[in-house]
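Please keep the sequence and the structure at hand while reading.

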Amino acid sequence: PHIVFLSQSVLTGERNLCGARLCHEIAHSWFGLAIGARDWTEEWISEGFATYLEDVFWSHVQKFGCREAEEQKQLKALLRWRRLSDELQNSEEQLQVLRPNKENTGEVSESGASVVKHALNPEKPFMQVHYLKGYFLLKFLADQVGEEKFLHFFKVFVGKFHGQLILSQDFLQMLLDTFPAMSSRGIDLETIFTDWLDTPEMPEWLRDACSEWLRTPAVQEVKGEVAKWIHFSGSGGKGSKRKRAGPKVNFKELSPEQLVLLLEFLLEEPKLSLSTLRLLQTTYNLQTQDAEVKHRWCELAVKHKHTAAYRDVELFLIHDQAMGVYLYGELMVQEDARQQALARTQSRNQVSDLPGLQSHVQLRELKQDLTVYCSLMLREKNEWTIQRQNKTLHI
């Protein structure tokens, strides 16, 4: 019921991305529809739960064995940890808090009105902290009692609160009452609020857990492939015929999630040869992969000014606009004339394709969106001027 529309971005490439998104939306049937947040500043009650359950559902649909399911969950946990780490390093601390109203959460005025804190902050729509930090809180709690018991508790909880709006403490207190042994390990309501819901930054448990996820076989396999690519890049270049041809390397086939991690690791490298980038593209058929993989590939092309892949960047900006907005910033920040021209051309094309652009409402929304993109990604380094007939929108 939550799938109002399905983006084309999740329909291309491998089925993993589409399957995970469907599982996420199905999970909202319980957390979002059957049970909702009484105070929408606690949107983690909907999004964190759906993010946690999408892995459970996807493992079931795929009929993974216990070991395979656990490896898949740990790989996804590592990818989400990296995403959350980036977000916490590049956002305001006040936007990193899952319960910004703290002890006043759920209170309403005499008129019955309530205020969603930071709702008008233009950076908030780009934040994923409620999805990610909420997911990790549930993962932490499941780690304390075991996943099987934790999921059984979900079922009991939904049965009790079906059709109601809840606050964080409704879920957490029932969990603590159901598993009293948690209190003996120092886990109580106030501790959870302090460590997870009422403060910014990264909880200590999460810092420790990521080192375990890095040691999983799926991640170690990716690290091995990364080492091959770095060696290949260092071995290429001008010189003998043998060097120009490059060393022969057998690269392993990787899952879409592993490919995302591989490209993220390679993005951390200060320099990759153009021959490496070309071979990356052909080895993994990167143009045909899902949007998550293509996004990282485009980032690599932008970082290393790989002009042969600029068509891939252009197509991503056109067909994957929800994720492509971040690429606009990266294209502009590089301060490369050709990259900036590419970004401006695509922004003009997309504006001209909007139906009924004469509408003041759409102009205002467009201006707001572009203002956010510029403030977030361009850091006031550049200006964008978008022209449409006799109208000029200058930011």
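Is Leu 22 buried, partly exposed or exposed? With a relative accessible area of 32%, Leu 22 is partly exposed, where buried means under 20% relative accessible area, exposed over 50%, and partly exposed in between (1.4 Å probe, protein chains only).

This is a predicted model, in which local features need pLDDT of at least 70 and side-chain atom pairs count only at pLDDT 80 or more, while totals for chains, interfaces and linings use all residues. Residues are numbered from 1 along each chain as its sequence is written, and side-chain values use heavy atoms, with hydrogens and water left out.

**Nonpolar surface**

- Leu 22 has its place in helix H1 (residues 15-27); helices are DSSP runs (H or I, at least four residues), numbered from the N terminus.
- Leu 6, Leu 11, Leu 22, Ile 26 and Trp 30 make a nonpolar surface patch of about 440 Å².
- Such a patch is made of residues with over 30% relative accessible area and no salt bridge, nonpolar side chains (Val, Leu, Ile, Met, Phe, Trp, Tyr) being joined within 5 Å, and the accessible areas come from the Shrake-Rupley method with a 1.4 Å probe, only the protein chains shown counting as cover for residues.

**Aromatic pairs and charges over rings**

- The structure holds 25 aromatic pairs, counted where rings of Phe, Tyr and Trp (its six-membered ring) have centres within 6.5 Å, with planes under 30 degrees apart taken as stacked, over 60 as edge-to-face and the rest as tilted.
- One of them joins Trp 44 and Phe 49, whose ring centres are 5.4 Å apart and whose planes stand at 35°, so the pair is tilted; both Trp 44 and Phe 49 are buried.
- Another brings together Phe 153 and Phe 171, with ring centres 5.5 Å apart and planes at 65°, so this pair is edge-to-face.
- Because Phe 153 lies in helix H5 (residues 147-161) and Phe 171 in helix H6 (residues 168-178), the pair ties together parts that are 18 residues apart in sequence.
- Phe 153 counts as buried at 2% relative accessibility, and Phe 171 is buried with a relative accessible area of 1%.
- Arg 80 lies over the face of Tyr 135, at 4.5 Å from the ring centre, and Arg 99 lies over the face of Phe 193, at 3.7 Å from the ring centre; a charge sits over a ring if NZ of Lys or CZ of Arg is within 6 Å of the ring centre and within 35 degrees of the ring normal.

**Salt bridges**

- A search of the whole structure finds 15 salt bridges, each being a side-chain nitrogen of Lys or Arg within 4 Å of a carboxyl oxygen of Asp or Glu.
- Glu 292 forms one with Arg 21, the closest N and O atoms being 3.7 Å apart; since Glu 292 lies in helix H14 (residues 291-303) and Arg 21 in helix H1, the pair ties together parts that are 271 residues apart in sequence.
- Glu 292 is buried, with a relative accessible area of 16%, whereas Arg 21 counts as partly exposed at 36%.
- Glu 292 also meets Arg 296 in a salt bridge (2.6 Å, N to O), and these two residues, being 4 residues apart in helix H14, are separated by about one helical turn.
- Arg 21, Arg 82, Glu 264, Glu 268, Glu 292 and Arg 296 are linked in a network of salt bridges.
- In helix H15 (residues 310-319), Glu 314 and Arg 311 lie 3 residues apart, about one turn of the helix, and form a salt bridge whose closest N and O atoms are 3.1 Å apart.

Terms used:
Patches are made of residues with over 30% relative accessible area and no salt bridge: like charges are joined within 9 Å, nonpolar side chains (Val, Leu, Ile, Met, Phe, Trp, Tyr) within 5 Å.
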